[in-house]
Amino acid sequence: MTKVLVATEKPFAKVAVDGIRKVVEQSGFQLNLLEKYTDKTDLLKSVANVDALIIRSDKATKEVIDAGKNLKIIVRAGAGYDNIDLTAATAKGIVVMNTPGQNSNAVAELAIGMMVFMARGNFKGVPGTELKGKKLGIHAYGYVGKAVAVIAKGFGMQVFTFDPFISKELIEKDGVKALNSAEELYKTCNYISVHIPSNEKTKNSINFDLLSKMPKGAILVNTARKEVICEDSLKQMFAEREDFKYITDIAPNCHSELLKFEKRYFATPKKQGAETSEANINAGIAAANQIVGFLKTGNRNFQVNK
Ligand code: 3PG
């Protein structure tokens with residue numbers, strides 16, 4: 001029997017698992033569940049005899065991929081697939097997909113919530129400022145960036161973006177101003193919301209040169225990946241710019257060093273951007289449907305290792 005493994009260190013909401021199970025079992029496949037595992041060997045054992053794998057930020061390393069002797073497809077129920085060794089998967093003919101857009105609203109709502117939290121002095125009962133009228137720079141205009149723009153406009157923010165992969169015409173149809181460079185974006189905006197993926201080109205790309213262009217009192221919001229921000233530059237910004245604030249859903253490696261800036265720095269204890277029932281249901285069920293589509297009819301829509 002065809003087996004689908006859901007392996008999630010950070011489990012989906014039960015309602016999402018029920019939905020995934022329904023899709024898998026109605027297709028005549030078997031669902032195996034490995035949740036909250038703490039030891040990599042549990043994943044290595046569980047993946048050994050399955051045909052398909054659904055993961056979240058779980059690391060699908062070469063070791064995991066090699067252990068999956070029958071693996072034909074891995075679906076990352078979410079957007080970023082920097083946790084999957086694409087080279088190893090491709091070498092073994094394993095199809096890798098993500099589920100773009102399925103959890104983006106949850107992440108966008110968190111990004112906006114983080115802006116309000118910082119604007120209101122970390123909810124400590126102190127006077128603050130409003131988002132209305134402020135300039136928001138969305139760094140990359142993908143599914144999450146677009147969702148952030150929609151909400152920000154509702155708050156009355158002026159919305160800007162820089163995304164070299166999307167035409168200015170398409171962006172400006174949404175009432176968002178497309179700028180020519182990341183430098184221009186960081187220089188222009190009071191708030192920057194980071195939505196670039198983590199890859200060889202983007203790692204450490206948000207550096208001091210870029211950050212130091214931000215205007216006085218600027219707030220940087222990161223719900224994307226910690227790796228895209230150069231940590232030495234971040235530390236330099238905190239040391240040299242008393243007005244600079246940073247809030248993130250992915251604590252940097254230098255987290256403990258930044259804790260002393262408690263009024264200007266905040267990190268969630270655990271990444272929670274996509275931690276809503278709705279996002280879990282959307283991404284989890286989309287992943288299950290994509291697996292069924294691929295195994296039954298060869299549908300490769302959303303394949304990322306072409
Ligand atoms: C994503 O890339 O989809 C988000 O970062 C969410 O990741 P998660 O599924 O691990 O919460």
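Strand 3 (residues 52–55) and strand 4 (residues 73–76) run parallel and are joined by 4 bridges, and within this pair I55 stands opposite R76 of strand 4. Strands here are DSSP runs of E with at least two residues, helices are runs of H or I with at least four residues, and both are numbered from the N terminus; two strands pair if DSSP finds at least two bridges between them. The model is predicted, so local features need pLDDT of at least 70 and side-chain atom pairs count only at pLDDT 80 or more, while totals for chains, interfaces and linings use all residues. Residues are numbered from 1 along each chain as its sequence is written, and side-chain values use heavy atoms, with hydrogens and water left out.

An open sheet of 5 strands has the order 2-1-3-4-5, with parallel pairing. Strand 2 (30–35) and strand 5 (95–98) stand at its edges with a single partner strand each, so one side of each has no neighbour in the sheet. From one strand to the next, the twist averages 15°, where axes are lines fitted to C-alpha atoms, for helices over the stretch in contact, and angles run from 0 to 180 degrees between N-to-C directions. Helix 1 (residues 14–26) packs on this sheet, touching strand 1 (3–8), strand 2 and strand 3, and its direction makes about 155° with that of strand 2; contact means heavy atoms within 4.5 Å. Helix 2 (residues 40–47) also touches strand 1, strand 2 and strand 3, with a direction at about 170° to that of strand 1.

**The ligand**

The residues that surround the ligand include K10, R56, R76, A79, N103 and K271; a residue is near a molecule if one of its heavy atoms lies within 4 Å of it. The table gives polar contacts, which here are pairs of N or O atoms within 3.5 Å.

| Residue | Polar atom of the residue | Distance to a ligand oxygen atom |
|---|---|---|
| K10 | side chain | 2.7 Å |
| A79 | backbone | 2.7 Å |
| N103 | side chain | 2.8 Å |

Taken alone, the ligand exposes 320 Å², of which the protein buries 95%, as calculated by the Shrake-Rupley method with a 1.4 Å probe.

Conventions. Polar contact = N/O pair within 3.5 Å; in protein donor to acceptor, adjacent residues only side chain to side chain.
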